[in-house]
Each structure stands twice: as C-alpha cells, then as structure tokens.
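Have the sequence and the 3D view open as you read.

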Amino acid sequence: MKGLSSGGGDVFKSTTLIKFLAFTLLAIAFFYFGKHWSDGSQQQQLIFFNSRQNPTTSQFVSISPNFNKTFDLSSIINDTNLIPPPAVEVASSPPPPPPPPPVVERTGIVNENGVMNDEFKVGDFDPEVVENWGVGNETVDDEGGGVQRFKVKKFGLCPASMREYIPCLDNVEAIRKLKSTERGEKFERHCPEKGKGLNCLVPPPRGYRAPIPWPRSRDEVWFSNVPHARLAEDKGGQNWITIDKDKFKFPGGGTQFIHGANQYLDQIEKMLPEIAFGRHVRVALDIGCGVASFGAYLLSRNVLTLSIAPKDVHENQIQFALERGVPAMVAAIATHRLLYPSQAFELIHCSRCRINWTRDDGILLLEVNRLLRAGGYFVWAAQPVYKHEAVLEGQWEEMVNLTTRLCWNLVKKEGYIAIWQKPLNNSCYLSREEGTQPPLCDQHDDPDNVWYVDLKACIARLPEEGYGKNITTWPSRLQYPPDRLKSIQVDSFVSRKELFVAESKFWKEIIESYVRAWHWKKFKLRNVMDMRAGYGGFAAALIENQLDCWVLNVVPVSGQNTLPVIFDRGLLGVMHDWCEPFDTYPRTYDLLHANSLFSIEQKRCNMSTIMLEMDRILRPGGRVYIRDSVAVMDELQDIGKAMGWHVTLRDTSEGPHASYKILTCDKHLLRA
C-alpha cells in the first residue's frame, strides 16, 4: 500500500504540472495571436449579415466596413471621445420594413417643424428666362466674399443707320409680310420677335448737342440734333419750319393756319367761348399734327395736347415735336384702337390731317368718338369745310350725314373751321330709328380695352352713371378723386379714394425732398416719362412743385388700367407693355422714372431689354430714377454700367435697412 500511495502521489504531481504547462502555453499562444492580429500583420475579415440592405431579399451578406483598414490601438485607447463600434448584427429574418414616408413638398420658408428652411419653392420657372439668362454675361466672384454674381458685358454701339430707329415701326421684315397695307397697316406696331430685339446702344447723330432748353426750344432747335431737311423743303410755304444756319426755327404756322397758331386758337375760342382753353378744355389730341405747333402754343393756355402722327413720308415730324419739348407720340389711326382710354380728351383737333373720316362706315371717326369725352368737341379744319368744288362738297355732305347719325351736334362753322359737340349721354343713340348705322357697341364691350384691340364700327356707349362727364375744371380736377375711380378693380370705393389720396400725398413729399436734396429745379427737365404711373401722383407732384415740364404717364398692361383716372385728373397717359419697345424716337426724354417696375416685370421680361429701351429713348445728358426693391438693384446696377451710365445707389427716407433703394443714373453726353 505504501508503494501505491507513493506512486499515486507522483502521478498526481506530474498530471498537475502538465495541466499548468498546457494552460501557460495556451495563454502565451492567445497573447501572441492577439498581438499579431492587433498589429495588422494578419488582418481578419469580419462578415456581417444584414436583412435591410435589399428589400427584395430576406438576407444580405457584406464585408466588414473595416476591411483593408489599419488602426492605431494606442490612439483609440487614449481617445476619450471614442464612439463605440456598432454591434454586429446577427443574421435573422425580421419582418419587412414599413414603406418610406411621403416626400414633403417645401412650399414655404418654414418646414413642418416650424423651423426656417432654405429648401423651398418660389414658383414655376420660365424656361425661356433660363435659356436666355447669362447671354452676353459672365459669372464672377465678389471681391473677397466668395459670393457669385452676374457681371454684364458692355453693350456696343448700333450702326449709324439706326440713329432714328423705332423697333416696332421700322420692322421692315414684318411689314413686307403684311397681306394688305391699304388701310395704313404698315404704320402700326409690328414688333421684332423674341431674340431679335435691340441689343446695342443707338448712337446720336454726328455733332449732337445738348438740347436748347424750354421755352426757347418751342421756337428753335439745333439742326445737328434732327438733321433732316425734307420737312422744311416740303412745307416751306406753309410756315411750319425753316432752316436758319445751324438751327431749325418754328414760326408757329400750319397748313390751315399759316398766320400762326396763336391767331388760330383765338379764332376757335371766339367761335365757341364754351371751349374755354385751360379751364373746361384741359386735355386735347391733335391728329396729324405736323411739327405740333397747335399743341406747343396751347401749353401757354394751360392745355396739355398730345400730338400724334404716323411715321410716313414726313417721318420726322414727331421727332421735331419732341425735340421742341412738346408732348407727342408716333401713332396712326388705321386698324387698331389708339392706346388711350375712352373719354380721354375734351377736344380733338384735325387740320388737313389727310384722313378719310367716312370710309368703312365711318370706323375712323368712331374711334374719335370713343376717345372724345361726353360733351367734348371735334374741330375739323379742312378744304371740304369751305371750298365749293363738287368733290369737296360731296365729302362735306358725307361728313355731315355721318356725324348726324353719331348724334354729334354741329355747333359752329366759320371760314375753314367746323366744330361738332358729342352728346352728354346715350339718350340720342337710343332714340334713333331702328337699323340706323352705325349701331351701338355691345354692352359687354370695354371701351377702355386698347392693347392690340381692333377698331370697331360701332358707337361706344357712355356710362349710365355719368362717369367721365362729371369732372371739375382745371386746376381743381388735379387733386379731386374722379368718379371713374369706381371702375378700378379694388375692394371698395372708399379704398380707391384712400389709395388715390395716399398716392398723391406720398409723391408730393417725395418730389419735395428731391427738389430740396437733389436740386431738381436746376435740372433742365422738359420731357418726362413715368414708366409705371399708377393714378398719376408723380406727375401731379411735379406740377404742384412748379417744375416746368410735362409727363407722359405710362400704365403697364400687366397692372390695373388706371388710365381713365389719369386723364380725368387733367394729365396725359398711354397704355404699354414694357416687354415691347415704346413708340417714340431715340433721344426724346430728359427724365425716366420707374417705381417698382422691374420687381414686377422681371417675371415677364428680361430686365436688360427694358434698360436698353430706356437708353434708346433717353437723351444724352438725361437722368433715370429707379425706385425698387433691394433684390433687383445689383443686376440693374450692372446693366446700367454696361450701357455706360453713371449709376449711384441711394437709400430712401426709411434708411439703410429699408427693403427699397433708389438707383439714380446719368447718361453721359457723348459727342458723336
């Protein structure tokens, strides 16, 4: 037993030793392999099972994201901001994931949680704007800021042949394609197609000089500014215009009043004292005006006369009128309505205007009837009035017959002048025999709708409420809210009156500040255009501040038609779409004023197109005042500089943080 016990103890000891050695070796082996693996000498590839990688299969096998990467173990241990690795996903068969939530459409600047968001829609884009954007421009980095903005390349000069270019009236290609020209269609608007408009600066004639200031310009202008002698040659014996050395001179005569416009106006007023120039008659229209001496001499009697004539063989007559400082536009009564509202003028004048008033059922005289205010006067000075020849006597009989059917009253005929008066209401029209021509226009026809509207051989109805008839005399009518405010599409008549009064007060204060701060009375302002006129408050403020100028108030087609209100105030205006060129000669305005025009029209027009048109009609040495939102000012400044204007951005009276700024621009007087 002793031997067994002794042997058993040795065996036990040897077994324990073996186990200890085996454990030690195993520990050393794990330590070696662990260190070897952590040093990257033999990288391991962990495999993950993921059921969410592909919704069409239940499981997906992928390689560890740490494959082929090495790590610094010490830096990981010492990094207190270490984010623990994601747990290894165990292969399983989870239920299919729910469908993704619908995409939220960002329609505002606040997201679904009420937080400001910069991913939002501002409306549908215009592909044409996108296609044309940047044509002739380049993108540059702002100095030091890293902010990109558009830089407009400089515009070049147009050819010298375009010195008197009027885009919509000189479109030779479109005029050649006309099916007929017998009714004067070639004298109407035919604007260039998109992409074929003006893209250069219209140059002045050689030797151009700063215009002679008003009132001297009524009687003389520089020959070099309108270097065309044909009118002086053709009308030399009618006392219209003469050439005297380096000037054109205007004696004040006309075809039917060669002894002077003043004597002619005196004769009209003696024939019919009720006309009362400057009180009852404040706004007049002269059709086929020549060089506009009729309107030029009415200005001294407080009558604003818009002189119109086509660009015909005597194409420069309107250019002479505007160079003189007289209100004028290139226009022709042919197949479309003139761009003025119904009941716009207290007096319409035609002296040898070469218009056949009785053709096509009297459609041209019916347009005069639309434009004439209730109770207004039509003055006709022409050969059929006084000459006793068979053909001319026949023309007179046709005229008398037509005007009788129009319910016009021939109130006076003396010498070579005949004066008719339009009725005050519709009672005469309604009492005519059934079937009398021309008929009354349809009750749904809007006589103030004028943009590219065809002439109609019917009598425009007068408003049953008496709108247009009940106006006060000048000058009180300038600030008196007229009845036709009710025709403007605003919530209530009270709102319209408040807007009218507020606009007048606003511009009165603004113009007074301009006169004080920028010395407007020292500027040689004569021909002024308000490119977005509203109710005409800007023009009224210029009158109240006694600035010796006239204003053409332009009402854009994209807004409310406020033209009737403008004319009821005793001011001049016209309808226009600023996406198209304006019907006037180059270099015809001293001041262009645009209030909130670009921020509105930028959705419809290219801003550089409008600015180039402004440069075309602005005289060298003229000024531009643009009052608009801050958002458009950078681009307007770049365009102005690219046209060679001197531009200055100014704060409004609200201060530097206001949403509106004023951009003042000067067009340099460049000698050609």
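Strand β8, helix α7 (residues 293–298) and strand β9 make up a right-handed β-α-β unit. Right-handed here means that, with the strands pointing away from you, the path from the first strand over the helix to the second runs clockwise. Helices (H or I, at least four residues) and strands (E, at least two) are DSSP runs, numbered from the N terminus.

By the way, this is a predicted model: local features need pLDDT of at least 70, side-chain atom pairs count only at pLDDT 80 or more, and totals for chains, interfaces and linings use all residues. Residues are numbered from 1 along each chain as its sequence is written, and side-chain values use heavy atoms, with hydrogens and water left out.

Is β8 itself buried or exposed? It's mostly covered, with 5 of its 5 residues buried; buried means under 20% relative accessible area, exposed over 50%, and partly exposed in between (1.4 Å probe, protein chains only). Val283, Leu285 and Ile287 point one way, while Ala284 and Asp286 point the other way, and all are buried.

Zooming out, the chain has 18 helices and 21 strands. Of its 672 residues, 46% count as buried.
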